[in-house]
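Subject: Handing over the three-chain model

Hi,

Here is the model I said I would pass on. Have a look at it first, and then read my notes below.

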Amino acid sequence: MTRYALQRLAASVPLLLVISILCFGLLHLAPGGPFDRIGPNVHPEDVERLRRMMGLDDPLPVQYLKWLGRTLRGDLGTSLVTGERVDTMIRARLPATVELLGTSLVLSLVAGVALGVIAALHRGRLVDRVVGATSVLAQSVPVFWLGVVAIAVFAARLGWLPTGGRGTPGEKFSPGDYLLHLLLPVLVLTFVQIPQWSRTMRASLLDVLGDEHVRAARARGLSEARIILRHALPPALVPVITLLGLQVPVVFTGAAITETVFAWPGIGRLFYEGALRFDYWRLMGLLLVASVLVVGGNLAADLTNARLDPRIRFQGKQ
Amino acid sequence: MMPAVESRPPHVAGRRAPAGLVWGLGLLGVLVAISVFAPLFAGAGRDAVHLEIRRLGPSWQHWFGTDDLGRDTLLRVLLGGRVSLAVALLSTLVSLLIGTSLGLVAGYRGGRVDALVSHSTDVVLSMPMFFVLLVLGSYWGAGFATLCLVIGLTNWMPVARLVRAATQSLRDRAFVEAGRALGYTTRRILLRHVLPNAAAPILVAAALAASQAILIEAALGFLGMGLRPPTASWGVMLRDAQEHVFDAPWVALFPGGMLCLTTLALQAVADGIRDRLDPRLRHA
Amino acid sequence: MRHGPAKHALRTVVALLVLVALAGGCSRSKPVPRPARLVVGITDEPDMLNDMFAQSKSSRLVNHCIYSRFVCWDDSMHLVPDLLTVIPSQTNGGISPDDLTYTYHLRHDARWHDGVPLTSADVLFTYQAMVDTANGAVDPSPFDEVDHAEAPDSFTVVFRLKEPYAAFVSAAFNEEDVLPKHVLEKLTGAGFRSAAYQRAPVGSGPFRFKEWVPGSHIALVRNEAYYKGAPGLDEIVFKIVPEASALALQAQAGDVDVVNGAECSQVAAFASQPRLRVLRTVSLSFDQLTFNCSGPVLRDGRVRQALAALTDRGALATQVYGEGCATPALSDASPLMPWYDPAADTANVYDVKRAARLLEGAGWRDTNGDGIRDRGGKPLRLEISTIAGRPARERVQVVLQQAWRAAGIDLQIHNYSGPEFFEILTNGQFQIALFGWQQEPDPAPMDQVYGSHSMPPVGQNFARFRDARLDSLTALGKRQSAPVLRNRIYREVEGILAREVPALPLVWLTENDVVPAELRGFRPSPTSAPDTWNVPAWRLERSQ
C-alpha cells in the first residue's frame, strides 16, 4: 500500500511540471500584458519601464525558470497588480472558498448518496422517477442563473437572507450572522451538485446488487438491511469516491461564478480578477494550487479505492 | 461532471427505446428545428430595432416581450438558439474528433501507445479547466470559431476515456480478430469494425459533451468572456439581461429557460442511450 | 481582522450543524447600526491604497478619505485647496511672471494619523518618490515637468518647471496624495510596491485606515484630530460586491447604503424606495466615435461630416443609454466649461438630407440599386469597434447600423477584448472606434489627443488627425496661464474639431449614485474627482 502510494506520488511530480509549463505558456503567449490597460494617459516608455522592473522583458523560458526556482523555494512571487505576496493573497482567500464549497460538497454528497440509495432500492417506482427527474433538472440549470434568482427571491423580495458577502461588513464576527450569509450560496450549490452523486450512487448500487456476492448473501438468508449496508454499499461507493476525486477541483475552479454572484471573497473571484488584469504570478500561483488539488484529489480517491477494493492496486501497476 | 460509464457490447441492449430517449430526442428535434427555421418565422426586419417599444412585457404581439432596443425577445431567443446550438455542435465535433481518435488508438493498440494517451488525458484532465477557459476567453478573445475550438479542446477527455474503454472491450471479439486474420489494415479494422460497434457509447459521450458545451458557453457569456454581440447566444443574452433583473425580468427568463430545456433534452438522450446499453440501470 | 485556518475549519463544522437547524424559518437579524456608519458598495476592489501605484478607480475613492492633497475639483468644477492655505496664481504671486516657478504654502495644522505633523518635507519626499524610477510609480506626470523642487521652510514648497505648463497648478497633488516621509523613508526602492504599507496606509485625511479584509471590505474610522474638524460620520465601510446586479440587490435589501455609480437600468427601482435617494450627476465622462482619418474612406472630411449628420445624438441619449442616464454631447467641451463654444454645438446637428448631399459630393452614390452607396465599384462599407461587454455601447452600434443603413452605408460591427482593442487603436487597424473619454476641467491635454506630434504609440491621437492650426493653438494654450487668453485659444480648437470631425462625441454619461435619504452633504463631482472629495461634510441625519 505504502509503495503504491509513493509510486503514485512520484508520478505526480512530472505531471505538475507539465501542467505548470502549459499554464505558463498559455498565460504569456496571450496578447496584451498587465500594464496595457492602465489607460491611454500612460506613456509607452512608462509601460516599458514597469515591464523591465517586473522582469517581464526576459525571454519566456528564463521567466519560467525564475518562477519555478522561486516556487520551489516556497515563494510564489508578488502580485503585479496589488504588490502583495501571492501566497498571502491565496491564504487570505482560500478559507472562504473551502468553507463555502466544502460545506456544499459534504451536504450534497450526503444527500446525493442517500437519494441514490433510495432510488436504487425503489428502482422503477415513483420515488426513483421523481429523484431521476429532479436530478436531470438540477443538472441542467446554470448555477449563476439559479443564484441570481435565489438572491432576487429570498434576499431582495422576501428579505429573509442577506444578498451576499461572508458577513456584515464592519460588524464583529458572529456565528449567527455568518451562517445567514452562508445559507443561500450553500443551498444553491448543494442543489446543483446533488445529481452527480445520486446518479452515480444509484447506477453503482444497482450494478453491485446484481453481483455474485450479493446474490450469495441473499441465498444465505441475510437480512436485506445487512446485505445492503455490509455487502453492497462499500463496493458501490467506489465510483462515487472516484468521482469525488475528479469533482473537487472542478468545483473549486468553477467557484469563480458562484463567488461572483454571491460576492463571496474566495479564490475563484481572485482568479477571475487576476485574469482580467494579467496578474501573471497570481494566476500561476492559483493554477498551481488548483493543479495540486486535482492531482491530490485523484491520488486520494485512488488510495481510498485501493483500500476498499484491493484489485485496483494491481490494475494501477500495469 | 460525468460519471464513468461502463460500456457494454451493443447486443445486450433492450428492444424498446426508453421513454427518456424518446422525449429527449423529440424535444431536441423541436429545439433544433425551430432554431434552424427561426429566420423563416422572422420575416424581413423583425429583428430590427424599435426604440419606441423598449422593454415591453410579454403580450400577444410579442410573446416573450421586447428587449432594451425594442427587439422581439422570442425571435432573439430563437436566433440565439442557433448560435448556442451551433457552438455546442461544432465544439462537440471537435471533442469527438480528438477523443474518438485517441480513444480508438489507445484502446486498440494498448501498451505504450495506450499509456501515452492515457497519461496525456490525465494531464489535461488535471488542468484546472474552468480557470484555463477564463484565461482563454479573456485573452484570446472569443470569436465564434475560437470559442468552438476552445470549448472543444477542453472537453474531449471524457470522450477519449469512454471510447478507449469501449474499444478495449471490442478488441478481442471474434469479428475484430477475424479482420486481423484477414490481414486488414489497423485503420480499416478501427473504422469499419470497431467504430460502428462503439457508436452507442460515442453517442452518449457526444450528448454529454454537447450539454456541457452549452453550459460552458453560457458561463463564459455570463462572465463577459463569451461571444460578442451582435452575435447573441443564450449566454450572452443572459448577461445582458442581468442589467434588467428589476425592470424587465422576462428578458432573462426566456433564454435561461431555453438553455435548461436544451441541456435537459441532451441529458435525457444520453441517459436513454445508456439505459439501452445497460437495461439494468433503466429508470422505468 | 483575519482568523486562523483552524478557526475557519471550526466555523465550517459549526455552520454545518446549525445550517440544518436554521433551514426552516429564519428571520433576518439585521443589527441596527447605532454608530453613524455608512456602507458604500463598490464593484471593483481597490488594488492598493496609495495613488502612486493604484490603477483602479475605487482606490481613489478610498484614498480621498485617508489622505490629503494640494487641491481638488469641487462639484462646480472649481479648484479648491485642501492642504494649501491658498492656491497659487500670478495675481497672488504664487506663480512667477515667467510661468516657471510655483510656490505653495501648506497649512500648519495638518497631522498624520500617528500624530506627526505634516510638513514640506513630506511633500518633497512624495515628489521624489514619484519621479524616482526605482519606485515604479505608474504615472509620474505632472512631476515630469518639474526641473527641481525645494522647501525653503517647513510649510513652503517651491517647484521650478522645465518650461511653462499652465495646467500644473490644477494637476500637481490633485490626483496624487501626499505621503508620510517618516513612515516610508526606509521602504522606497524596488520593494516599495509590495510593502505592507500599500494595504494598511497612514494618511492625514478625515478617516483613518481600520482594516482591509480582501475580497470583502475596507473599513475606515473617523479621524478626530482632522485639521478641518472631525468628519460627520463615525465609520465608512467600502463593501466589495463584484456584480452590478448583486450590488443593486444588496442596496434594495439594505445591506449596502450607497451604490457608487449604479447601473442606469436599476435607477427606476431605487427611485421608488422612500428610504433611498438617487443623485444624478452629468459627468465629464463621454462616449465618442473616433474616426481613423488615415483610412481610405474616412480620410475624406465630407464623409466624416455626413456620418455626424446621420447620428441622432438626442435619440441615443434618451432611448439607447436611457432617459436620465445620458445627455447628448454635441462637442467635447461641456456647456459648464469656460472654453465652451455654442457654435461648435450646432455644426453637426442631425440632418439626413445634408448627410446625403455630403456623401454625394464625395462621390458616394448608389449606382447599382442595392441600397448601398458605392464609388468606383466599391460599396460604402465601414466597420465600428468597441470593447465587448458594455451593453450600452453595443446597443449604440446596433442602432447606428440600422440608421446608417437607411442612408446607404453598410456598417459592420467588430468588437474586441480590452487588450485587443487598445492594440487596434494603437496600430490603426480600425475604422471607427467607440469608447469612453474623461474630459478634464483643464483643456491642456488636448494636444495629446489631436496634435500631429501625438500619433500613437507616443500620444493618444488615435484619430490620426493632422491640422497645422490646431497644432500651433494647442502648443500656445499649453503655456498660457491667463484664463481669458486660454479660453479664446481653446474655443478656436473646438471650432476646428467641429468642422473637421476627427471624432464625434455622442453623450455625456450621467453618474447615478444611490444614497440613503438621511445622508447629507453628498455632492458628487462631475470631474474625475471621486465622490468622496468632500467626505468630511457627509453626515447621517437620523429622525430619532
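A definition to start with: a nonpolar core is a set of buried Ala, Val, Leu, Ile, Met, Phe, Trp, Tyr and Cys residues joined through C-beta atoms within 7 Å. "Buried" means that 20 or more other C-beta atoms lie within 10 Å of a residue's own; with 12 or fewer a residue is exposed, in between it is partly exposed, and the C-beta atoms are placed from the backbone.

Some housekeeping: this is a predicted model, where local features need pLDDT of at least 70, side-chain atom pairs count only at pLDDT 80 or more, and totals for chains, interfaces and linings use all residues. Residues are numbered from 1 along each chain as its sequence is written, while chains are lettered from A and ligands numbered from 1 in the order in which they are written.

Now the core. The largest one has 312 residues, and A:F271, A:M284, B:L134 and C:V507 have the most contacts inside it. Its biggest contributor is helix α7 of chain A (residues 175-209), which gives 17 residues. (Helices, H or I with at least four residues, and strands, E with at least two, are DSSP runs numbered from the N terminus.) Leaving out residues up to four places away in sequence, A:F271 touches A:A256, A:L283 and A:L286, plus B:F131 and B:L134 from chain B. Contact here means C-beta atoms, placed from the backbone, within 7 Å.

Chain A has 13 helices and zero strands. Of its 318 residues, 51% count as buried. Among its contacts between residues at least 6 apart in sequence, 72% join residues at least 24 apart.

Axes are lines fitted to C-alpha atoms, for helices over the stretch in contact, and angles run from 0 to 180 degrees between N-to-C directions. The crossing is left-handed, a term for the near helix being turned anticlockwise from the far one by less than a right angle, with clockwise being right-handed. On the α5(A) side you'll find A:V131, A:S135, A:A138 and A:Q139, meeting A:F191, A:V192, A:I194, A:P195, A:S198 and A:R199 of α7(A). By class, that contact has six nonpolar, three polar and one charged residues. Nonpolar covers Ala, Val, Leu, Ile, Met, Phe, Trp, Tyr, Cys and Pro, charged covers Asp, Glu, Lys and Arg, and the others, Gly among them, are polar.

Chain B has twelve helices and zero strands, and 54% of its 284 residues count as buried. A residue to look up is B:P255, in helix α12 of chain B (residues 250-277). B:P255 counts as buried because 29 C-beta neighbours lie inside 10 Å. Beyond its neighbours within four places in sequence, B:P255 is in contact with B:V77, B:G80, B:W234, B:M237, B:L238 and B:A241. Its C-alpha atom is separated by 8.4 Å from that of B:G81, 174 residues apart along the chain. After α8(B) comes B:G183, with a positive phi near 80°.

In chain C, the axes of helix α9 (residues 313-322) and helix α12 (residues 391-406) come within 9 Å and cross at roughly 125°, which makes α9(C) oblique to α12(C). This crossing is right-handed. C:L316, C:V320 and C:Y321 of α9(C) make the contact with C:A392, C:R395, C:V396 and C:V399 of α12(C). Six of these residues are nonpolar, none is polar and one is charged.

Most residues other than glycine have a negative phi, and most peptide bonds are trans. Yet C:S141 and C:P142 are joined by a cis peptide bond, with omega about 5°, and C:P142 lies in the loop between α3 (120-131) and β5 (146-153) of chain C. C:M77 has a positive phi near 65° and lies in the loop between β2 (71-73) and β3 (79-81) of chain C. C:R464, not a glycine either, has a positive phi of about 55°; C:R464 is partly exposed, with 19 other C-beta atoms within 10 Å.

Cheers

Technical notes
Two residues are in contact if their C-beta atoms, placed from the backbone, lie within 7 Å. Angles under 35 degrees count as roughly parallel, over 145 as roughly antiparallel, 65 to 115 as roughly perpendicular and the rest as oblique.
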